[in-house]
Amino acid sequence: MDKFYIITNQEKDPGYESTKKIQHYLKARGCRCLTPFDGTLPPDTQCIIVLGGDGTLIHAALDFVAYDIPILGINLGTLGFLTALEKDEVYEGLDKLMANCYTVEHRMMLSGSVIKQGEKVQQALSLNDIIVTRSGFSRLVETKLYINDVMAGNYAGDGIIVSTPTGSTGYNLSAGGPIVPPTTELMVITPICPHSLTARSIVVSAADRIRIEVGRRRKSLPEEALVTYDGQTVVKLQSGDRIEIERARSRVHLIQVASRTFYEVLREKTR
């Protein structure tokens with residue numbers, strides 16, 4: 001591997017100090033290493049190096065998913081569940097990349113479509129999760145959950161999360177949902193603060209189809225909600241609107257060069 005492209009979160013790399021060091025290190029060893037300052041992503045790029053945290057990596061993954069290029073994440077943030085390398089591991093990891101000593105994990109994504117009055121008005125992808133949540137300081141929102149067109153739950157609460165295995169360590173975890181190994185093929189559905197003693201997460205097959213409808217708890221007032229994809233794309237919803245979720249055709253390919261397993265990372269990041 002000798003053709004690289006670097007995406008950097010400038011807030012976490014002031015003055016692009018780390019970016020410049022990595023670029024110099026790779027170029028000194030005969031590699032091509034470009035940044036957005038050098039132009040757009042060349043189609044023959046073999047690896048996108050992302051400097052930042054999980055948010056930066058997710059943003060880059062969504063921006064470049066159509067290129068189908070493996071991504072190496074370098075953690076300049078705090079938690080870094082998705083990033084493969086910490087600061088003190090960078091150059092050892094780059095040496096492994098250049099020597100083709102690495103593995104690639106293929107992570108499933110979600111595709112969500114917002115339907116209003118029977119018409120699809122928006123569609124987007126997510127790597128972590130798609131979330132339907134109450135809008136601002138509004139009261140509880142009613143969400144009706146269907147799996148393969150069969151009603152599976154009716155929740156009054158703060159909303160509902162549909163997570164990939166990759167996203168199971170994100171908001172899903174904070175909401176009490178299960179942790180799932182990131183390379184598995186399934187979806188996790190977790191209600192957010194439901195007003196029920198029996199509401200629990202549901203784990204479904206990656207082949208299942210999920211539909212979430214915004215209900216109407218009060219006849220005189222419509223519910224107001226939001227749908228977010230990986231905390232970025234936001235669409236407003238009202239009573240009667242729905243979002244249909246399924247496994248996306250696209251995948252994100254994450255490079256692993258460290259010897260740590262997912263469970264070792266989980267232990268380190270959550271203690």
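Q: Which residue in β6 is the bridge partner of Ile115?

A: Two strands pair if DSSP finds at least two bridges between them. Helices (H or I, at least four residues) and strands (E, at least two) are DSSP runs, numbered from the N terminus. Here, Ile115 has Lys120 as its bridge partner in β6. The model is a predicted one, in which local features need pLDDT of at least 70 and side-chain atom pairs count only at pLDDT 80 or more, while totals for chains, interfaces and linings use all residues. Residues are numbered from 1 along each chain as its sequence is written, and side-chain values use heavy atoms, with hydrogens and water left out.

Q: How many bridges join β5 to β6, and what lies between these strands?

A: Strand β5 is joined to strand β6 (residues 119-126) by 7 bridges, and the two run antiparallel. They form a hairpin with 2 residues between them. Gln117, in the turn, has a positive phi of about 50°.

Q: How many bridges join β5 to β16?

A: Strand β5 (residues 103-116) and strand β16 (residues 242-256) are joined by 12 bridges and run antiparallel. Within this pairing, Glu105 has Leu254 of β16 as its bridge partner.

Q: How many aromatic pairs does a search of the whole structure find?

A: Rings of Phe, Tyr and Trp (its six-membered ring) pair if their centres lie within 6.5 Å; planes under 30 degrees apart count as stacked, over 60 as edge-to-face and the rest as tilted. The search finds 4 aromatic pairs. In one of them, the ring centres of Tyr5 and Phe64 are 6.4 Å apart with planes at 65°, so the pair is edge-to-face. Tyr5 belongs to strand β1 (residues 3-8) and Phe64 to helix α2 (residues 54-64), 59 residues apart. Tyr5, Phe64 and Tyr67 form one aromatic cluster.

Q: Are Tyr5 and Phe64 buried or exposed?

A: Buried means under 20% relative accessible area, exposed over 50%, and partly exposed in between (1.4 Å probe, protein chains only). Both Tyr5 and Phe64 are buried.

Q: What is the geometry of the rings of Tyr25 and Tyr91?

A: Their centres lie 4.7 Å apart and their planes are at 55°, so this pair is tilted. Because Tyr25 lies in helix α1 (residues 17-27) and Tyr91 in helix α3 (residues 90-98), the pair ties together parts 66 residues apart in sequence. Tyr25 is buried, at 15% relative accessible area, whereas Tyr91 is partly exposed at 33%.

Q: Which residue has its charged end over the ring of Tyr25?

A: A charge sits over a ring if NZ of Lys or CZ of Arg is within 6 Å of the ring centre and within 35 degrees of the ring normal. The charged end of Arg29 sits over Tyr25, 3.5 Å from the ring centre. Arg211 lies over the face of Tyr146, 4.1 Å from the ring centre.
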